[in-house]
Amino acid sequence: MTVEALLSVAVGVLFATGLYLMLRRTIVRLLIGLSLIGNAANLLIFVAASLRRGVPPIAPEGAAAPPPEAADPLAQALILTAIVISFGVLGFALALTDRTVQATGTDDLDQMTEEEPEP
Amino acid sequence: MIFLPVVLPLLSAAILMMLHARPRAQRVASLAAHGAFLGVAVLLFARVQGEGPIAAAVGGWHPPFGVSFLADALSATMVLLTAVVAFPVAVFALALADGRWERMGYHPLVQVMLAGVSGAFLTTDLFNLFVWFEVTLISSFVLLTLGNRPAQIQGGFKYVVLNLLSSVVFLCAAGLLYGVAGTLNLADLAQRRIPAEDLWLIGLVGVLFLGTFSIKSALFPLFFWLPAAYPTPAAPVAALFAGVLTKVGVYAILRTGSVYFADATAVWTPAVLALSVPTMLVGVFGAIVQTDWRRILAFHSVSQVGYMAAAAGIGGKAGMMAAVLFMVHHGLVKSALFVAAGAGWRLGGSYRLDRLGGFARSHGWYAALFLTLALSLAGFPPSSGFAAKLAAILAALQGGYGWVAGTMVLTGLFTLFSMVKIWNEAFWKPAPEEMRVRTLGAGERFLLHLPLAWFAAAALGVGLGWSPALASSAKAGMQDRDGYVRAVLGDEVR
Amino acid sequence: MNSLILRTGTTFVMPLLLVFSLFLLIRGHNLPGGGFAGGLVAAASLALYGLSNGMNASKAVLRVRPETLIAAGLLTAVVSGALGLAVRGSYLAPIWWSIGSVKVGTPILFDVGVYLLVVGVVLTMVFALSAEEPS
């Protein structure tokens with residue numbers, strides 16, 4: 001119970017920090033914020049699918065199903081998939097950030113209005 | 001059979017990547033891959049219409065444990081639409097191909113995107129839907145920034161950030177829903193009883209889902225990424241995105257609304273309408289002040305997504321039919337108009353309307369095809385736009401939402417205004433002094449006109465043949481929640 | 001980066017890392033590990049080589065373009081799934097053979113595909129990020 005409460009607080013802190021960083025004008029902070037929010041979401045799934053200690057979801061020899069108090073493997077599979085995806089997306093976003101800074105010569109998001117047509 | 005719309009493009013992507021060093025072979029292979037995809041989509045559609053929904057489980061793990069795919073009338077129609085849009089765009093890409101974006105992987109990425117879109121239309125599992133969204137997004141990120149122009153990179157950056165945020169929201173919604181209901185299979189969810197003390201969590205999940213889908217389909221408060229991103233990429237990429245990508249979000253609203261939130265229409269419908277009605281107006285007003293051909297079209301895409309989402313939100317049989325008809329109409333016509341804009345850029349060298357002119361005299365066939373398509377977008381009979389708008393307005397009136405119907409009529413008027421503006425500027429007024437019209441060879445002229453003719457024929461065909469098509473879709477059980485559950489979880493899993 | 005210590009160290013560490021990545025790939029059959037983890041380790045070893053000896057040297061060691069690895073991996077993974085579709089009527093359905101006491105099947109083929117795909121994707125990113133000017 002206490003672990004769940006602690007993790008919930010951690011999720012909240014991660015979301016808040018990530019959102020704060022995303023609202024900054026520097027492009028790199030935006031990216032760090034995005035990755036923090038992604039991790040917060042993964043942790044949220046982990047907590048929402050209920051925490052169990054020490055019983056891996058593996059069926060014992062001869063049994064048809066794992067013991068009922070075993071941890072939920074599906075939530076972990078979801079998180080694993082989400083981590084892999086966010087790894088790929090973040091890699092692309094990093095490359096794009098690099099290109100953006102090279103192309104515009106600034107890391108200030110407020111000055112990136114190139115795609116607006118000139119008046 | 002049902003896996004082919006996903007497996008085939010992935011296979012094509014791998015083969016096209018192997019052909020990297022040989023652009024000519026790659027072009028032929030790309031056209032062949034699009035043709036094969038179209039063939040598979042037609043076969044799937046015909047089989048669903050003939051035999052009813054087809055379900056299958058990946059790896060033989062039956063639902064609700066494994067990931068399962070279902071092709072009912074709605075999914076099969078969307079896959080068919082994707083293929084019908086993608087094929088002429090591939091032809092159009094051949095006309096513009098100069099090897100520059102091909103070297104950066106245009107052909108394989110399009111195939112990966114098609115696989116992602118098909119997967120999103122066919123899956124029955126919400127987390128799997130998330131995965132297909134990501135497959136689509138990653139390939140579309142790269143497609144959008146092919147060419148590395150500064151405007152592209154900046155438009156792409158906005159697209160990336162907002163879509164990543166919406167993915168995170170989706171992930172949270174899926175995680176919470178799994179925590180409450182213990183499953184993410186849409187059919188299994190629809191038949192689970194949620195204890196009354198947990199219902200508020202389902203409400204929260206609904207808000208999160210609506211939020212993420214509305215970002216993905218560019219609904220009212222968070223739509224700015226679309227007009228920032230869509231006017232920037234290579235012409236075929238813009239055409240493909242306008243036709244296919246916006247539909248994925250609307251499809252998700254339609255599917256979750258009709259299957260999972262079917263009992264909550266009292267909340268769901270006003271929520272969707274509150275997002276979609278302002279979308280219609282803001283999009284169309286945004287278009288009025290634009291002078292760039294593709295920016296006008298992009299703002300119109302926002303406005304038209306509003307129509308689709310409104311019809312989907314009203315729901316019921318009439319609303320769903322109208323939403324599907326509108327998605328088909330918009331997929332065809334908006335891609336076609338982006339193709340037409342690309343052709344204008346090829347001929348006149350610009351997307352800016354003040355630098356174009358005189359196409360009506362210099363390129364008669366091109367002008368006639370554009371006019372057909374523009375009038376279809378504005379909703380003139382007998383085109384698909386007329387059928388779609390009529391269906392949407394009737395659905396709104398039937399549902400008792402007179403003000404929504406009124407907004408739809410008003411938006412249609414302003415759409416006509418923008419289309420007339422493009423016509424007057426690019427086609428009717430005499431060509432400006434500094435415009436140098438490029439003369440094209442017969443082969444390239446053919447490749448530019450063929451996609452437009454294909455789209456115009458399809459739009460007219462949908463406009464003329466819509467009532468029989470609707471009736472047969474109704475037979476295949478498009479809107480039926482219990483039918484969906486039976487089709488996914490029933491014994492006849494093939 | 002020009003550091004003699006790093007260069008010398010990499011010469012010893014890189015083969016070990018590559019062997020370890022193959023170990024992870026095969027161990028993933030029944031135990032923690034698998035194509036994704038193995039691919040990451042292999043890509044990390046090549047990235048390390050690139051950091052110490054220059055990315056062009058790393059590209060030379062790789063011999064093929066990373067895009068080719070992506071294509072090969074995607075092809076292997078999709079085909080291993082399609083075998084299940086052809087033989088057992090369901091995409092990704094596993095097919096197993098026994099060689100002595102060891103069971104070999106299409107999931108291993110799938111993992112090899114994932115391995116190649118991950119190496120290709122990660123190296124594409126590393127090479128793109130290390131490029132000075134946009135190509």
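A residue is called buried if 20 or more other C-beta atoms lie within 10 Å of its own, exposed if 12 or fewer do, and partly exposed in between, with the C-beta atoms placed from the backbone. Of the 135 residues of chain C, 41% count as buried by this rule. In chain A, buried residues make up 29% of the 119 residues.

The model is predicted, and local features are given at a pLDDT of at least 70, side-chain atom pairs at pLDDT 80 or more, while totals for chains, interfaces and linings use all residues. Residues are numbered from 1 along each chain as its sequence is written, and chains are lettered from A and ligands numbered from 1 in the order in which they are written.

Chain A comes first. Its secondary structure comes to 3 helices and 0 strands, where helices (H or I, at least four residues) and strands (E, at least two) are DSSP runs numbered from the N terminus. The order of the elements from the N terminus is α-α-α. The radius of gyration of chain A is 20 Å, whereas a compact globule of 119 residues would have one near 14 Å. That radius is taken over C-alpha atoms, and the globule rule is 2.2 Å times the number of residues to the power 0.38. Along the principal axes, the C-alpha atoms of chain A fill a box of roughly 70 × 30 × 20 Å.

Contacts within and between chains follow one rule: two residues are in contact if their C-beta atoms, placed from the backbone, lie within 7 Å. Among the contacts in chain A with a separation of 6 or more, 50% join residues 24 or more positions apart. D108(A) sits in the segment after α3 of chain A. Because 10 other C-beta atoms lie within 10 Å, D108(A) is exposed.

Chain A touches both other chains described here. Towards chain B, 28 residues of chain A are in contact with 29 residues of chain B. On the chain A side, the elements that give two or more residues are α2 (27-48) and α3 (73-104). The largest share, 14 residues, comes from α3(A). This side divides into 19 nonpolar, 6 polar and 3 charged residues. In these classes, Ala, Val, Leu, Ile, Met, Phe, Trp, Tyr, Cys and Pro count as nonpolar, Asp, Glu, Lys and Arg as charged, and the others, Gly among them, as polar. Towards chain C, 8 residues of chain A are in contact with 6 residues of chain C. The chain A side of that contact has 3 nonpolar, 3 polar and 2 charged residues.

In chain B, helix α13 (residues 293-314) and helix α18 (residues 402-428) pack at an angle of about 160°, with their axes 11 Å apart. Axes are lines fitted to C-alpha atoms, for helices over the stretch in contact, and angles run from 0 to 180 degrees between N-to-C directions. The angle therefore makes α13(B) roughly antiparallel to α18(B); angles under 35 degrees count as roughly parallel, over 145 as roughly antiparallel, 65 to 115 as roughly perpendicular and the rest as oblique. The residues that meet include W293(B), H300(B) and Y307(B) in α13(B) and M408(B), T415(B) and I422(B) in α18(B). By class, the contact of α13(B) with α18(B) has 8 nonpolar, 5 polar and no charged residues.

Elsewhere in chain B, A218(B) lies in the loop between α9 (199-216) and α10 (225-229). A218(B) is not a glycine, yet has a positive phi of about 65°. A218(B) counts as buried because it has 28 C-beta neighbours inside 10 Å.

Chain C has 5 helices and 2 strands, which run α-α-α-α-β-β-α from the N terminus. Its C-alpha trace spans about 55 × 35 × 20 Å along the principal axes. Helices α2 (residues 35-53) and α3 (residues 55-62) of chain C have axes that come within 6 Å and cross at roughly 140°. They are therefore oblique to each other. Residues in this contact include L46(C) and Y49(C) of α2(C) and V61(C) and L62(C) of α3(C).

R63(C) lies in the loop between α3 and α4 (66-88) of chain C. Like A218(B), R63(C) is not a glycine but has a positive phi, of about 70° for R63(C). R63(C) is exposed, because 7 other C-beta atoms lie within 10 Å.
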